[in-house]
Amino acid sequence: MTTVLAPPKPQAAVRFASLLAGDKRYKILEAHIKKFQHRQDALIEVLHKAQELFGYLEDDVLRYTAWQLKLPASRVYGVATFYHFFTLKPQGEHTCVVCLGTACYVKGANKILAAVEGRTHIRPGETTPDNKLSLLTARCIGACGIAPAVVYDGTVTPRQTAETTLAQINQWVAP
Ligand code: FES
């Protein structure tokens, strides 16, 4: 007997459509899911991509993934919490995701990253000892037209430099 999955609830479709419209990273995740033809056994690969894009697996990302793969949200949460390489929350109070994709890299993203590392003495994937800042990197967050882009606390910010990035994180990290 085949299991017939219930179609997505209309309100879920509307909610996720607004996520897709407001954050290009969801578009990239959607393309990745399509590449796997929405296969449920691609869940771990999809979550890896989501974490790379968002820095960690926030609630909306997990729900979106469940919806796209037609899996119960509980299954997706189960997998995301089982494997140690998935993070559901950034450890730090603030997050800084430096995009190191090609478009950002050629416009100086490596200098931005070096400046943040020099200022905070942490490497990508780490959090400052006072838990104020988690530093993350991504390969492309879908904002190449405004490269180099940095995501501060979830806000994609265009045309960053080492100076603008340090000005932002100096507000969060003790001198
Ligand atoms: S390479 Fe950075 S947004 Fe695409």
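Start with a meeting of two helices: Leu43, Ile44 and Leu47 in α3 make contact with Val76, Val79 and Ala80 in α5. Keep in mind that this is a predicted model.

**How α3 and α5 cross**

- The axes of these two helices, α3 and α5, come within 11 Å and cross at roughly 70°.
- Because angles of 65 to 115 degrees count as roughly perpendicular, α3 is roughly perpendicular to α5.
- The crossing in which α3 passes α5 is right-handed.

**The nonpolar core**

- There are 37 residues in the largest nonpolar core, and those with the most contacts inside it are Ala50, Cys96, Val97, Val98, Cys99, Ile141 and Val150.
- Leaving aside residues up to four places away in sequence, alanine 50 touches Leu29, Leu57, Val61 and Thr65.

- The chain is divided into two parts, domain 1 (10–82) and domain 2 (94–169).
- If you look for the C-alpha centres of domain 1 and domain 2, you will find them 23 Å apart.
- Seven residues from domain 1 and nine residues from domain 2 take part in the contact.
- On the side of domain 1 that touches domain 2, α2 and α3 each supply at least two residues.
- The most comes from α2, which gives four residues to that side of domain 1.

**A closer look at aspartate 60**

- You can find aspartate 60 in helix α4.
- Is aspartate 60 buried or partly exposed? It has 14 C-beta neighbours inside 10 Å, so aspartate 60 counts as partly exposed.
- Aspartate 60 and phenylalanine 16 are 44 residues apart along the chain, and their C-alpha atoms are separated by 8.7 Å.

**Backbone details in the loops**

- A cis peptide bond, with omega about -5°, joins alanine 147 and proline 148.
- Proline 148 belongs to the loop between β2 and β3.
- In the loop between α7 and β2 you will find histidine 121, which has a positive phi of about 60° although it is not a glycine.
- Why does histidine 121 count as exposed? The reason is that it has 11 C-beta neighbours inside 10 Å, and a residue is exposed if it has 12 or fewer.
- Asparagine 131 also lies in the loop between α7 and β2, and it has a positive phi of about 65° although it is not a glycine.
- With 12 other C-beta atoms within 10 Å, asparagine 131 is exposed.

Methods:
Residues numbered from 1 in each chain as written. Predicted model: local features only at pLDDT ≥ 70, side-chain atom pairs only at ≥ 80, totals over all residues. Core = buried A, V, L, I, M, F, W, Y, C linked by C-beta atoms within 7 Å. Buried ≥ 20, exposed ≤ 12 C-beta atoms within 10 Å, placed from the backbone. Axes fitted to C-alpha atoms, helices over the stretch in contact; angles between N-to-C directions. Parallel < 35°, antiparallel > 145°, perpendicular 65-115°, else oblique. Left-handed = near helix turned anticlockwise from the far one by under 90°. Domains from an automatic or database assignment.
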